[in-house]
Amino acid sequence: MGDDALTAGAVARRLGVAVTTLRTWHQRYGLGPSHHVPGQHRRYTRDDVDRLEVMRRLTAQGVAPAEAAAWAKRAPMPGSLSDAGGADPPAAPTMDVTWHATPDELRPETTSPSLQHAIDTSWLDIADLATLTGRDGGGHTIRTGRAGATARGVARAAMRLDAAALRTTLEMTVAERGVVAAWNDVIMPVLIGVGERYEATLRYIEVEHLISRTVTEVFSRVARPSGNEVVRVLLAAADEDQHTLPLEALAAGLAERGVPSRLLGGRVPPQALVDAVNRTGPDIVVLWSQLSSTGDPQQWHRLLSAAHSPRMCVAAGPGWPAEGLPDGIIRPESLLEAVRVIAVAVVGESGDDRSGAEVASTRVISTQAGIQQTREAGR
Ligand code: B12
């Protein structure tokens, strides 16, 4: 052990922290060098360094140092637990979302086997991380209603503008629960809370931007189907509507089911939409309108009179009027409903040798029956 024991300076360089920080962590939290040869400076063993790496990582994610130190000491280091005479292993976690879903970039390039074990081991769950990182919002909180601990942690991280914690928590949530549950149970409550906060104070636009950006990044990392498949689904936001996150959730949710889609993004002018449809010939077009000012039914009339008219039109979002949309337009009320009807329509396409018109009319009817079933199942 003595051979590869390190000095404080070497450990500081390896972890990218100051020597004084190491000294503070030693004095305040007992995370110090354990190797001691009489007459020499104490040296840090590999297990010491691994614990300090956990400490560094958690504090970087916003965990209070005392909490981080407690976790670092409890992290199961195989060698050190036995060396230390059998320290208590960490308490069995109440698993929700676990560390083993930690994204690659969370892992340091030079992870030692024991640290990798500490990170891979399912002893620290995402709710813990959210709670640990959730320092008091000081009254500047986002209300997340009845949503769970993860949503509260995300809201607090967003309020602190803690991009790293926000991203880590959302990535783990999507990896563990899937896109639809992550959206419904965590992201949507936080977005609605941010919106209410903005409405009440006309502040926190920076929070809204950071969370929007992070959600975009996290959904864009959900693996897409291989590039060889025909893309039959076109997603776009209505003219002048900048709200795209639900479409990004939809694209990611469809991808999870193996359905590729083409997402144009926000504020798509009617002519650009018609051009895109004519050029790519999608079977299904989803147009999202968040604001009543952008839910002009004319956009649909124009699309339906274009050279290539899609077989299934989906008007999504609260901006569309209850009346006045062309007949046959589908109105899913939730992400799950939209993912289901589109996935069924796309997957049902293969092996269907009826004429386009037959398929189209059957599809609209069966899709509406599918929506009804989804709604009833959800009740
Ligand atoms: C993020 C955000 C933004 C971001 C968008 C970034 C992006 N890339 O998308 C930015 C900063 C660009 C933005 C801008 C603006 N925004 Co904004 N924004 C939001 C916020 C916080 C989330 C939007 C969202 O994704 N909603 C989706 C989900 C979370 O909400 P929902 O649609 O109500 O969900 C329901 C259904 O749609 C359905 N559902 C949910 N998800 C899905 C998915 C699918 C596929 C389906 C079918 C259904 C479905 O279930 C829910 C329950 O019924 C909302 C708050 C809110 N409550 O929505 C404000 C909000 C929509 N924005 C608002 C406003 C006022 C604006 C601005 C005018 C602000 C300004 N002064 O500039 C601009 C408008 C810009 C424009 N022309 O589009 C208001 C709208 C008020 C209104 N009713 O008219 C809101 C409601 C905030 C508020 N409470 O005041 N915004």
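The legends below describe close-up views of a predicted model.

View 1. The ligand is surrounded by 29 residues, and the closest are Gly195, Glu199, Gln242, Pro246 and Ala316. By residue class, the shell around the ligand holds 15 nonpolar, eight polar and six charged residues. At least two shell residues come from each of helix H10 (179-201), helix H11 (205-220), helix H12 (245-256) and helix H15 (335-349). H10 gives the most to the shell, with eight residues. Domain 2 (128-220) and domain 3 (233-378) each contribute at least three residues to the shell around the ligand.

**View 2. The open sheet of four strands.** The strands lie in the order E2-E1-E3-E4, and the pairing is parallel. Strand E2 (262-263) and strand E4 (312-316) stand at the edges with a single partner strand each, so one side of E2 and one side of E4 have no neighbour in the sheet. Strands of a sheet pair through backbone hydrogen bonds, in either a parallel or an antiparallel way. E3 and E4 run parallel and are joined by five bridges. In this pair, Ile284 stands opposite Met312 in E4.

**View 3. Gly281 in the loop between helix H13 and strand E3.** Helix H13 covers residues 270-280 and strand E3 covers residues 284-288, with Gly281 in the loop between them. Gly281 has 14 other C-beta atoms within 10 Å; a residue counts as buried at 20 or more and as exposed at 12 or fewer, so Gly281 is partly exposed. Gly281 and Arg311 are 30 residues apart in sequence, but their C-alpha atoms are 9.9 Å apart in space.

**View 4. Glu240 in the loop between strand E1 and helix H12.** The loop that holds Glu240 runs between strand E1 (233-237) and H12. Glu240 is not a glycine, yet its phi is positive, at about 70°. With 14 other C-beta atoms within 10 Å, Glu240 is partly exposed.

View 5. Of the eleven residues of H8, ten are buried, so H8 is largely enclosed by the rest of the structure. The buried residues of H8 are Thr150, Ala151, Arg152, Gly153, Val154, Ala155, Arg156, Ala157, Ala158 and Met159. H8 is followed by Leu161, which has a positive phi near 55°. Leu161 is a residue other than glycine with this positive value, and Leu161 lies in the loop between helix H8 (149-159) and helix H9 (163-177). Leu161 has 13 other C-beta atoms within 10 Å and is therefore partly exposed.

**View 6. Helix H3, residues 46-60.** At 1.5 Å a residue, the 15 residues of H3 should span 21 Å, and the end C-alpha atoms of H3 are 21 Å apart, so the two values agree. H3 is mostly covered, since twelve of its 15 residues are buried. The buried residues of H3 include Asp47, Asp48, Asp50, Arg51, Glu53, Arg56 and Arg57. Val49, Leu52, Val54, Met55 and Leu58 of H3 are buried as well.

Terms used. Residues numbered from 1 in each chain as written. Predicted model: local features only at pLDDT ≥ 70, side-chain atom pairs only at ≥ 80, totals over all residues. Near = placed C-beta within 6 Å. Nonpolar A, V, L, I, M, F, W, Y, C, P; charged D, E, K, R; others polar. Domains from an automatic or database assignment. Expected span 1.5 Å × (residues − 1). Pairing = 2+ DSSP bridges.
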